[in-house]
Amino acid sequence: MAAVDSFHLLYRQVAWSCQGHMELLAVVGALYTAGKGLKLICQSYNLIRLHITPLLLSRTNLARRYGEWAVVTGATGSIAQAYAQELARCGMNIILVDNNREKLQKVSDAINAAHGVNTSFIEVDFCKGHEAYRPIKEALRHVEVGILVNCIGDFLEYPQSVLECPEEQLWDIIYVSVSAATIMVNIVLPGMAQRRRGAIVNVSFRSCCKPAFPMTMYTSCQLYMDGFTKELQSELTSKGIFVQYLTPLCVATKRTFRYRPSQRFPFLVPSPEVYAHHAVQMLGVSHRTTGYWAHSIQLAAACWLPDCIFQLMGRFLQPTQE
Ligand SMILES: NC(=O)c1ccc[n+]([C@@H]2O[C@H](COP(=O)([O-])OP(=O)(O)OC[C@H]3O[C@@H](n4cnc5c(N)ncnc54)[C@H](OP(=O)(O)O)[C@@H]3O)[C@@H](O)[C@H]2O)c1
């Protein structure tokens, strides 16, 4: 074969050898484009169906559908607190689980005053491992839990590399972000299965399909929660229990102050209240969701756009230095 010394020559050679197959190549191209187009249409349809339709319909009576009591862990945290308020607005009685008695009392009183539902709380430190669950089991022994919201898991300020993280902190991360949700599910599940109704919402972080920051521990725990929730869903659907993996992107909480991508487009980073309002609408609707329409669009864009354009957009969305 003659040596190829220029692109032009190579192009002519390839074009010449493809001439006989032009129609076939056109069909392959058309099929590929149609496939991509169809995927885009399906994603847009899902976005409208999941995020817009529930806002137009009247709210489902959550207490009737799942049971009267909701248990929320990490309950004095920004997202959990707003989520509990939203559930109470829908008429659910609330049990708050967290590690600070004064904060729990305050949130409990606030929910009770705002919505007139029954509230109580359990003070536990999930970092204590096994023994943390004794008071929870005791307190929930005679409660018909309809909804469990696992919303604990905050360790953005810890070193995220296994190399840098001291053993004690690794255990804390595992206790808070892996064990807590798993054991809480194990505690409420027998009652839900017996009544053949209930909902479990596992709130976590969704690592985007593009690499973000080096966060080994955070991402690994998220992968556990992802797999755990997926398997739980297939295990429990036949038992009448709804399982949801709720993965917000950035919400304007105290923990994300340093990580917020945008002050130019505030709707991309909703307040916990706005976020919770949208997320509760997704309960019973979607098994895997960001819970908020603008987050779903961001996630879809991240998967569609090439890395370089995505990173450029990220830089454009960064807050301006003043
Ligand atoms: N904020 C976001 O933008 C965002 C984005 C994606 C995913 N998420 C996920 O959403 C969930 C909640 O996030 P958030 O920003 O609302 O977090 P947050 O405000 O920090 O709330 C977490 C709560 O858990 C409590 N907690 C921590 N360690 C505990 C322990 N050992 N025992 C008992 N309670 C403990 C915290 O109490 P203290 O305050 O006393 O420590 C706090 O009340 C997390 O799973 C997070 O990964 C959040």
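In this predicted model, helix 4 meets helix 9 through S78, I79, A82, Y83, Q85, E86 and L87 on one side and P272, E273, Y275, A276, H277, A279 and V280 on the other. Two residues are in contact if their C-beta atoms, placed from the backbone, lie within 7 Å. The residues of this contact divide into nine nonpolar, three polar and two charged. Here Ala, Val, Leu, Ile, Met, Phe, Trp, Tyr, Cys and Pro count as nonpolar, Asp, Glu, Lys and Arg as charged, and the others, Gly among them, as polar.

Residues are numbered from 1 along each chain as its sequence is written. In this predicted model, local features need pLDDT of at least 70 and side-chain atom pairs count only at pLDDT 80 or more, while totals for chains, interfaces and linings use all residues.

Two packed helices are described by the angle between their axes and the distance between the axes. Helix 4 spans residues 78-89 and helix 9 spans residues 272-281. Their axes come within 8 Å and cross at roughly 55°. Axes are lines fitted to C-alpha atoms, for helices over the stretch in contact, and angles run from 0 to 180 degrees between N-to-C directions. Helix 4 and helix 9 are therefore oblique to each other. Angles under 35 degrees count as roughly parallel, over 145 as roughly antiparallel, 65 to 115 as roughly perpendicular and the rest as oblique. The crossing of helix 4 past helix 9 is right-handed. A crossing is left-handed if the near helix is turned anticlockwise from the far one by less than a right angle, and right-handed if clockwise.

Helix 9 is largely enclosed by the rest of the structure, because seven of its 10 residues are buried. A residue is buried if 20 or more other C-beta atoms lie within 10 Å of its own, exposed if 12 or fewer, and partly exposed in between, with C-beta atoms placed from the backbone. The buried residues of helix 9 are P272, Y275, A276, H278, A279, V280 and Q281. Their cover includes helix 2 (22-56), helix 4, strand 6 and helix 10 (293-304).

The axes of helix 7 (residues 167-195) and helix 8 (residues 216-236) come within 9 Å and cross at roughly 10°. That makes helix 7 roughly parallel to helix 8. Helix 7 contributes I173, S177, V178, A181, T182 and V185 to the contact, and helix 8 contributes M217, C221, Y224, M225, F228 and L232. This contact holds 10 nonpolar residues, two polar and no charged.

Beyond helix 7 comes a loop. R196 lies in the loop between helix 7 and strand 5. R196 is exposed, with 10 other C-beta atoms within 10 Å. Its phi is near 55°, a positive value in a residue other than glycine. Most residues other than glycine have a negative phi.

Strand 5 (residues 198-203) is mostly covered, with six of its six residues buried. G198, I200 and N202 point one way from the strand, while A199, V201 and V203 point the other way. Strand 5 runs parallel to strand 4 (residues 145-150), and four bridges join the two. N150 stands opposite N202 of strand 5. Six bridges join strand 5 to strand 6 (residues 241-246), again in parallel. In this pairing, V201 stands opposite Q244, and N202 stands opposite Y245.

An open sheet of seven strands has the order 3-2-1-4-5-6-7, with parallel pairing. Its edges are strand 3 (119-123) and strand 7 (288-289), each of which pairs on one side only. Two strands pair if DSSP finds at least two bridges between them. Strands of a sheet pair through backbone hydrogen bonds, either parallel or antiparallel.

D98 is found in strand 2 (residues 93-98). D98 counts as buried, with 24 C-beta neighbours inside 10 Å. Leaving aside neighbours within four places in sequence, D98 is in contact with G74, A75, T76, K103 and L104. The C-alpha atoms of D98 and F126 are separated by 8.3 Å, although the two residues are 28 apart along the chain.

Overall, the protein chain has 11 helices and seven strands. Helices (H or I, at least four residues) and strands (E, at least two) are DSSP runs, numbered from the N terminus. Of its 322 residues, 31% count as buried. Among contacts with a separation of 6 or more, 72% join residues 24 or more positions apart.
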